[in-house]
Amino acid sequence: MKPIFRSLLAAGLCLSLLGVADAQSGELSAAQLAAIKQKLAQRLPDLPPVDSARTSPINGLIELKAGSSVFYADAAGEYLIEGHLIETRSQRNLTEERLDEINRVDVANLPAKDAIVWKSGTGKRRLVIFADPNCGYCKQLERDVQKLKDVTVHTYLIGILGDDSRAKVDNLWCSRDRTQAWLDWMLQGVTPPKALGVCGSPGQRNLALAQKLRVNGTPAIFFEDGSRLPGAANAATLEQRMAKASAKVGG
């Protein structure tokens, strides 16, 4: 996102919240949404297309959903805000909750056959990771993941950092013990042997899956409640998010 969007003036939307929002859902009318989408597309062409718009807990402030992102606008459309909305009484991050909602993934239906899978302890908790073998942050994440207990980890290899990454994805997958080869490379720097022949690497399928899930970089982490965390996280943060996810799914 360009810095200009952090406080960009988007004049002329002629928006009035009176009479355009559904009394129960807070969704703006189809006509009003169409007007907003058209105006923002004209004035802010680099902004992701707006999918929906609804009122927020703050009078006069509108929530705009644009792809996997959330923005806010004033009632007249004079200002566009990129940031997080915090409810101070409860200290809830309303923007984070909304992002979790709109970006939720059904991890149970992801193709396990295309992932490197390993578990520790009971393996009762689930963690899904999209990683590039040449991603430094992915290597740091892998070291922190090794500290987790009672977890099953599904790692989808995607080669997004160039030809060498794509070759490593195939070589790792085609190794006799792909899980050990992955850990040896990520933790010890042991280069996987070059794949001989064709072994049915899921590299292209994983790239398509990542695109479908709007994974824009690595690492990307998904928890068992479907929430996601873009970027690396330390073991303590992972434990906190996993405990929260397990509570939501009744684990």
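Which residue in β10 is the bridge partner of L127? Select V153, and you have that partner.

Before going on, note that this is a predicted model, where local features need pLDDT of at least 70, side-chain atom pairs count only at pLDDT 80 or more, and totals for chains, interfaces and linings use all residues. Residues are numbered from 1 along each chain as its sequence is written, and side-chain values use heavy atoms, with hydrogens and water left out.

**Stop 1: the sheet**

(Strands are DSSP runs of E, at least two residues, and helices are runs of H or I, at least four, numbered from the N terminus; two strands pair if DSSP finds at least two bridges between them.) Strands of a sheet pair through backbone hydrogen bonds, either parallel or antiparallel.

Now bring in the rest: 5 strands make an open sheet, ordered β8-β10-β9-β11-β12, with mixed pairing. Going from one strand to the next, the twist averages 20 degrees.

**Stop 2: two crossing helices**

Next, select α3 (residues 136–145) and α5 (residues 178–188). Their axes sit 9 Å apart and the packing angle is about 110 degrees. Axes here are lines fitted to C-alpha atoms, for helices over the stretch in contact, and angles run from 0 to 180 degrees between N-to-C directions. α3 and α5 are therefore roughly perpendicular to each other, a label for angles of 65 to 115 degrees (under 35 is roughly parallel, over 145 roughly antiparallel, the rest oblique).

Show side chains for C138, K139, E142 and R143 on α3, which meet W182, L183, W185, M186 and L187 on α5; contact means heavy atoms within 4.5 Å. By class, this contact has 6 nonpolar, no polar and 3 charged residues. (Ala, Val, Leu, Ile, Met, Phe, Trp, Tyr, Cys and Pro count as nonpolar, Asp, Glu, Lys and Arg as charged, and the others, Gly among them, as polar.)

**Stop 3: the pockets**

A pocket is an open set of points on a 1 Å grid over the protein atoms alone, with protein on both sides within 12 Å along at least five of seven lines; a cavity is a set where a 1.4 Å probe fits but cannot get out, and lining residues have an atom within 4 Å of a point. Points are joined across faces, edges and corners, and a volume is the space filled by probe spheres set on them.

The largest pocket has a volume of about 700 Å³. Of its 25 lining residues, pick S68, L99, N103, R228 and P230, which lie nearest its centre. The largest share of the lining, 4 residues, comes from α2. By class, the lining has 10 nonpolar, 9 polar and 6 charged residues.

The second largest pocket holds about 150 Å³. Its lining includes R54, E63, Y72 and R98, and α2 gives the most here, with 4 residues.

**Stop 4: the cavity**

Finally, select D100, D225, S227, R241, K244, A245 and K248, which line the largest cavity. Its volume is about 30 Å³, and α7 (residues 235–249) supplies the largest share of the lining, 4 residues. The lining divides into 1 nonpolar, 1 polar and 5 charged residues.
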